[in-house]
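Good morning, and thank you for the time. I would like to take you through a few features of one structure, beginning with a pocket.

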Amino acid sequence: MPYKILSINPGSTSTKIAVYEDAKCLFVENMSHKAEELTPFSNLLDQFDLRKRYVEKSVKEHAVELTELAAVVGRGGMLRPMQGGGYLVTTEMINELRSENTQPHASNLGAIIAWSIAEPLGIPAYIYDAVSSDEFKDIAHITGIPGILRESFCHVLNAKASARKAAGKMGVNYREKNFIVAHLGGGISVSVHEKGRIVDAIQADGGPFSTERAGSVPLHYIVDLCYSGKYTQKELFSVLNTNGGLKGLLGTNDCRVIEQRIADGDEYARNIFEAEAYQIAKGIGEMYPVLCGDIDAIILTGGMAYSDFITSAVTGRVKKLAPVIVIPGENEMESLTLGALRILKGEENYSTYTKDVRDRCNMANN
């Protein structure tokens, strides 16, 4: 009997949902929320009722009955550090996501909405490969500043899903091989996968500049900007995280527009785009020694991986390190669904997020 699964992925100004029947997508919808809808809410959690209504309305419009569902899976939010994979949503998880001590993030609503739909139906709600997943080796947490530890913040969901797809193309098991995955999107992260675990990564603000983020910039430049008097804290975050990168340098975050400018003879655009690829390749090279060069493949994924210019330029620089596989797109809805499907089929175990799990995670990261 096939399993119908509802997947929910809240973003800052949108809510993506999908219903799959096993691995077959019945529909995907990306519902944008207008600024005037969200402005009245003082915080993200207050948007719960609005977003849940959107989800239920969309499911109904696509002629899917909630009673047909076998499970609901939501994007995992800013929980305490945990291993990757699937977790059963519990009241304890919901309470933590609603706690004022939990870092605000739109993904926090994923589990909350999923549980609110699943619980009355008597079916499980899961999260999968949460934003806060941390499988780093101890050495990867160390920084040069006492009391400051590097945290694992990368595109866990799509990076692992893309690595699984690449492993399938290679005819091997993801959990038996090693990969470097470069997620190329609004933010760029480069992660090292050792037999199914992300053991190190370059965060989205710590490596190559992206379509919208400034990436890694020498610290004394940033310190100077902080004390220049030109920016408030909020304004500087905007410069670095939403108005930097290609958008800041070329006035657009659309790779198709940039490629057309290059085709029309814009040499400045070509130089910037080549610098983008150059920095991505450097990031991959930085991660290569983590496993002493024992890498089975390099994977390029994310929205920017649709750009032949970028993928060709990056591949040309790193192809001697390992075979390069291009898997474009975000793949988030499919990734959530297939994770839940593996659990329902008994192909993969899930964990339950309880105090014991949190304590073990904290011990592992202290």
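Let me start with the second largest pocket, which holds about 390 Å³ of space. Please bear in mind throughout that this is a predicted model. The lining of this pocket is made up of 19 residues, and those that lie nearest its centre are M78, L79, R80, P81 and E151. By residue class, the lining of the second largest pocket divides into nine polar, five charged and five nonpolar residues.

I turn now to the sheet. Seven strands form an open sheet with mixed pairing, and their order is β3-β2-β1-β4-β6-β5-β12. At the edges stand β3, residues 24-32, and β12, residues 350-352, each of which pairs on one side only. On average, neighbouring strands of this sheet are turned by 25 degrees against each other, direction ignored.

Finally, a single residue, K319. This lysine belongs to the loop between α11, residues 308-318, and β11, residues 324-328. Is K319 buried or exposed? Its relative accessible area is 54%, and the threshold for exposed is over 50%, so K319 counts as exposed.

Terms used:
Residues numbered from 1 in each chain as written. Predicted model: local features only at pLDDT ≥ 70, side-chain atom pairs only at ≥ 80, totals over all residues. Heavy atoms only, no water. Pairing = 2+ DSSP bridges. Helix = DSSP H or I, 4+ residues; strand = E, 2+ residues; numbered from the N terminus. Axes fitted to C-alpha atoms, helices over the stretch in contact; angles between N-to-C directions. 1 Å grid on protein atoms, 1.4 Å probe; cavity = no way out; pocket = protein on both sides within 12 Å on 5 of 7 lines; lining within 4 Å. Points joined across faces, edges and corners; volume = space filled by probe spheres on them. Nonpolar A, V, L, I, M, F, W, Y, C, P; charged D, E, K, R; others polar. Buried < 20%, exposed > 50% of the residue type's maximum accessible area, 1.4 Å probe, protein only.
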